[in-house]
Amino acid sequence: MKNNFESALQSVLKWEGGYVDNPDDPGGETKFGISKRAYPDLDISSLTKEKAAKIYRRDYWEACGCDELPSGLDLMVFDCAVNQGPDFAVRTLQRAVGASVDGIVGPETLEAANSTDFNSKLCEYVAQRGEHYGSLPTFEEFGLGWMRRLADMQERAVMLRDPEGHI
């Protein structure tokens with residue numbers, strides 16, 4: 001079985017830096033992308049990359065069934081889970097691949113994700129993420145960064161799928 005978690009984690013950490021406590025960020029205090037809002041009992045300022053990686057693997061990668069998804073789509077779903085929430089990531093995947101939207105990565109979702117045209121489904125996933133970003137009240141402040149991140153992740157997803165770029 002493939003495991004792209006480590007490379008996906010490095011891609012995400014490129015965008016999720018060190019300690020930040022921006023009063024305009026709805027996540028509040030954040031380090032390596034792990035927010036106080038999502039983990040209220042965690043000492044965010046003392047969080048290590050190793051602990052963040054364990055949280056990411058358990059609560060984002062595994063929760064979204066990323067090991068069972070095609071290479072490239074696994075990265076996109078993982079990044080979406082980190083940045084927009086696991087439930088949103090899974091429901092967006094289900095809409096993009098034409099599966100029933102129930103928020104559960106089950107056999108129907110996995111079959112649809114693994115048997116569909118990668119390019120069209122990746123593009124649909126990216127478009128839905130972008131549309132959601134645009135609907136957020138904080139888009140004016142954070143939108144350009146989110147869209148740069150989304151474009152970077154799409155490029156990385158394509159390269160994971162075919163490192164030679166022949167898709």
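**Notebook: contacts in a predicted model**

Residues are numbered from 1 along each chain as its sequence is written, and side-chain values use heavy atoms, with hydrogens and water left out.

T109 lies in helix α5. Helices (H or I, at least four residues) and strands (E, at least two) are DSSP runs, numbered from the N terminus. I checked the relative accessible area of T109, and at 2% it is buried. Buried means under 20% relative accessible area, exposed over 50%, and partly exposed in between (1.4 Å probe, protein chains only).

Q94 sits in helix α4. Q94 counts as buried because its relative accessibility is 0%. Its side chain also reaches the backbone oxygen of I104, at 2.8 Å. Leaving out residues up to four places away in sequence, I listed what Q94 touches: A99, S100, V101, D102, G103, I104 and T109. Contact means heavy atoms within 4.5 Å. By the same rule on sequence neighbours, T109 touches L93, Q94, V97, A99 and I104.

**Entry on α1 and α2**

I turned to helix α1 (residues 5-15) and helix α2 (residues 49-62), which pack at about 105 degrees with their axes 11 Å apart. Axes are lines fitted to C-alpha atoms, for helices over the stretch in contact, and angles run from 0 to 180 degrees between N-to-C directions. The two helices, α1 and α2, are therefore roughly perpendicular. Under 35 degrees counts as roughly parallel, over 145 as roughly antiparallel, 65 to 115 as roughly perpendicular and the rest as oblique. On α1 the contact uses F5, E6, A8, L9 and L13, and on α2 it uses A53, Y56, R57 and W61.

**Entry on the core**

I asked which residues touch the most other members of the largest nonpolar core. They are I34, Y56, V77 and F78, out of 48 residues. A nonpolar core is a set of buried Ala, Val, Leu, Ile, Met, Phe, Trp, Tyr and Cys residues joined through side-chain atoms within 4.5 Å. Helix α3 gives the most to this core, with 8 residues. I then followed V77, which is in contact with C64, C66, L69, A89, L93 and Y125, leaving aside neighbours within four places in sequence.

V82 is in helix α3. V82 is buried, at 11% relative accessible area. V82 and G33 are 49 residues apart in sequence, yet 7.1 Å apart in space, C-alpha to C-alpha. Not counting residues up to four places away in sequence, V82 touches V12, E16, Y56, Y60 and R149.

**Entry on F32**

F32 is in the loop between β1 (30-31) and β2 (34-35). I noted a positive phi of about 55 degrees for F32, although it is not a glycine. Most residues other than glycine have a negative phi. F32 counts as buried, at 11% relative accessibility.

How values were computed. Predicted model: local features only at pLDDT ≥ 70, side-chain atom pairs only at ≥ 80, totals over all residues. Polar contact = N/O pair within 3.5 Å; in protein donor to acceptor, adjacent residues only side chain to side chain.
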